[in-house]
Every structure is written in structure tokens, then in C-alpha cells.
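User: Please take a close look at one part of this model, setting it in the context of the whole chain before going into its contacts.

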Amino acid sequence: MSKAESRKRAAQLYKKALVWDDHSGFDPHGGADLKNLEIWRRAGVHYLSVNVGYDVVDWQATVKTLARFRAWLQTHPKKYALVRTTADIRRARKDGKLAIAFDLEGMNSLNGDVNMVSLYYDLGVRQMLFAYNLNNLAGGGCHDGNVGLTPFGRDVIKEMNRVGMVVDCSHTAYRTTMEAMQVSDAPVIFSHSCAKALRDHGRNIADEQIKACAKTGGVVGITGVSLFLGENDTTSETFVNHIAHAADLVGAEHVGISLDYAFDAENVDGLLDAHKAYWPDNEDYGRWPTSYVPPKQLMEITEIMVQRGFRDREILGVLGGNFMRVANEVWK
Ligand SMILES: [Zn+2]
């Protein structure tokens with residue numbers, strides 16, 4: 001296929017696809033201006049999971065962020081829709097709105113109380129991961145001792161299964177992820193994780209983790225962070241290498257997109273410096289200023305997938321159909 005043909009094919013597919021970005025990277029507690037959500041809407045993204053908290057901050061900060069973000073979305077209904085169901089996502093797409101729900105990075109946000117899961121669900125949180133890089137009350141973090149799931153972590157999974165919140169294993173220690181995927185009754189995702197086989201970094205995941213995730217019916221979201229894709233690499237070629245690696249291993253129906261794009265990158269780098277324990281120097285944090293694959297690059301990524309011979313239905317799945325399938329199965 002010529003370059004012009006693959007470009008045309010990619011444009012058609014991108015228009016047809018439900019485009020799902022499973023995680024944003026801007027600092028939810030640094031006063032992030034949500035007007036920037038327009039970056040995603042303009043790029044043709046239909047659904048974005050917006051991060052509202054992580055283990056670095058206390059749980060009260062997360063509740064405050066939820067209050068602020070919910071109020072902002074409710075007062076900007078022309079372009080944005082705070083969604084509860086997958087039917088809401090389809091409706092938002094038809095109306096030209098960007099659908100938004102929330103995610104949590106780390107179970108410190110629960111303040112040790114399993115009853116918080118259902119409260120967060122009611123506030124719009126649709127996925128939550130165990131531990132943000134360091135161990136916590138639920139399990140192990142990927143840059144800490146390789147510990148397993150705690151009894152509290154097990155209880156949280158049961159409650160997440162009950163209320164319909166997606167169990168997420170990104171940022172989490174190998175042992176905890178493998179145990180969590182055994183315990184969960186519902187599909188489990190790695191919301192934003194690249195392949196360790198292509199870039200040996202503690203935040204990236206091993207082939208066994210990708211296989212175990214697919215076995216649950218879940219999806220691995222390839223993330224657009226320069227440090228995890230390669231050595232400071234945000235090219236579309238490298239991004240598609242990670243997609244292709246996971247697809248070759250378990251099938252393209254278990255691969256998705258999760259750019260972790262931060263419009264306030266300087267802010268985020270400041271955070272890294274202020275909390276070295278979460279982002280240790282020996283994992284290359286701070287070696288380069290962090291950069292991210294922006295949402296507008298998704299078109300070029302689609303084009304490269306076409307060039308590499310991915311089938312149409314595989315591309316539509318990776319662009320969003322696969323994460324939508326998991327949401328259809330898990331959200332209540
Ligand atoms: Zn993250």
C-alpha cells in the first residue's frame with residue numbers, strides 16, 4: 001500500500017473508530033485548567049479517563065479534586081459529558097462531546113476503608129490501581145519490594161467487582177499484579193503500561209503480566225510517556241512497536257491506548273523532584289525532561305498500524321473498541 005493510500009485508509013478508520021484514551025497525565029492537584037480538555041476533543045478522542053488522585057497526596061486532596069472537576073464538567077455541558085455508563089459514552093460521541101470519567105492511581109485514596117470504593121464509583125471513578133510505585137496498604141508498588149496483595153487489597157478487589165469498578169494493575173509490583181489477576185472475577189487492565197521486553201524499565205510490564213491480563217479478558221493500554229516507550233522516545237514508530245509486541249503475544253483485542261498526556265509537563269517534572277522516593281533516580285526519572293505522545297499523534301499512529309498490516313477490526317479495537325468492551329462488561 002502506498003503512503004497516500006495508507007493515510008487515506010487511516011483517516012477513514014479513525015473517523016469510524018470510537019477513540020478511547022484510558023489515562024490523562026496532568027497534575028490533578030496543581031490547579032490544572034480543564035479548558036485543556038479541548039486538546040483531546042479537537043484530536044477526535046471520544047472518551048478520556050481523567051486522573052483525580054494518586055498515593056503521593058492524601059485522600060482529602062482527591063475528594064477536593066473530584067468536587068472541582070465534577071463541578072467544572074457540569075458547568076461545561078456543551079463540549080463535555082461526565083459519564084456513568086457506556087450508553088452515555090455513545091450518546092456523547094453522537095453529540096460531539098468528549099466523554100469523561102475518572103481514575104485513581106493507588107489505594108491510599110481509600111483511607112483504609114473498603115466502603116470508599118462505592119462512594120468513589122458514585123462520584124464517577126471507573127478504574128483504580130493498587131499502589132503508585134511504592135508499597136501501600138493494598139499491595140506492592142513497581143519501584144518497591146516485590147510484595148503480594150494484602151488482605152485489604154483482596155477485599156478491595158471483591159468490592160470493585162461488586163460495584164463495577166475496573167481493577168487496574170499499572171504502577172503495581174509484579175507479585176501483587178499476578179495475585180490480583182487471580183482474585184478478580186472481572187476483566188483486569190493495565191491502564192497505562194508499556195512492554196518491558198522493548199524497554200527494560202521498572203514501570204513497564206513483563207510478557208507474563210500481559211498474558212495473564214489477556215486471560216482475564218482485559219486490556220493493556222500502551223502509554224505515551226517518553227521514559228517508558230524508550231530512552232526519551234515519543235515517536236509513533238516506537239509507540240506502535242509496543243502495540244505490536246503485545247498484539248503478537250496475546251492478540252490485538254487485548255491492546256489499547258492510554259497516552260498519559262500532560263499539558264502541564266513542567267508541573268509534573270517539579271513533582272518528580274519533590275517526591276524522589278516515588279520516582280527514584282536509578283529508574284532514570286529526571287534524566288530527561290518528560291515528554292508525552294500528544295492526542296493529535298493518534299492519527300499518525302493509526303497510519304503506521306495500517307502500514308504494518310494490522311487488520312481494520314484490530315485497529316478499531318486498539319483505538320477504543322477493546323477498552324469499551326471491558327467497560328461494557330464491568331461497569332454497572
Ligand atoms: Zn501513572
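What radius of gyration does the protein chain have, and what would a compact globule with 332 residues have? With that settled, which residues of helix α10 meet α12, and which residues of α10 does α8 meet?

Analyst: This is a predicted model, in which local features need pLDDT of at least 70 and side-chain atom pairs count only at pLDDT 80 or more, while totals for chains, interfaces and linings use all residues. Residues are numbered from 1 along each chain as its sequence is written.

The protein chain has a radius of gyration of 18 Å, which agrees with the value near 20 Å that a compact globule with 332 residues would have (the radius is taken over C-alpha atoms, and the rule is 2.2 Å times the number of residues to the power 0.38). Along the principal axes, the C-alpha trace spans about 55 × 45 × 40 Å. The secondary structure of the chain comes to 13 helices and nine strands (DSSP runs numbered from the N terminus, helices being H or I of at least four residues and strands E of at least two). Of the 332 residues, 55% are buried, a term that requires 20 or more other C-beta atoms within 10 Å of the residue's own, placed from the backbone, whereas 12 or fewer count as exposed and the range in between as partly exposed. Among contacts with a separation of 6 or more, 74% join residues 24 or more positions apart (a contact being two C-beta atoms, placed from the backbone, within 7 Å).

Against that background, helix α10 covers residues 236-250 and packs with α12 at an angle of about 60°, the two axes lying 9 Å apart (axes are lines fitted to C-alpha atoms, for helices over the stretch in contact, with angles from 0 to 180 degrees between N-to-C directions). The two helices α10 and α12 are therefore oblique to each other, since angles under 35 degrees count as roughly parallel, over 145 as roughly antiparallel, 65 to 115 as roughly perpendicular and the rest as oblique. The crossing of α10 with α12 is right-handed, meaning that the near helix is turned clockwise from the far one by less than a right angle, anticlockwise being left-handed. On the α10 side the residues are Ser236, Glu237, Phe239, Val240 and Ile243, and these meet Glu300, Ile301, Ile304 and Met305 of α12. By class, this contact has six nonpolar residues, one polar and two charged (Ala, Val, Leu, Ile, Met, Phe, Trp, Tyr, Cys and Pro count as nonpolar, Asp, Glu, Lys and Arg as charged, and the others, Gly among them, as polar).

The packing of α10 with α8, residues 207-215, brings the axes within 10 Å and crosses them at roughly 60°. That angle makes α8 oblique to α10, and the crossing of this pair is right-handed. Here Ala246, Leu249 and Val250 of α10 meet Asp207, Ile210, Lys211 and Ala214 of α8. The residues of this contact divide into five nonpolar, no polar and two charged.

One further point concerns the loop between α11 (265-274) and α12 (298-307), where aspartate 284 is placed. Aspartate 284 has a positive phi of about 75° although it is not a glycine, and with 16 other C-beta atoms within 10 Å, aspartate 284 is partly exposed.
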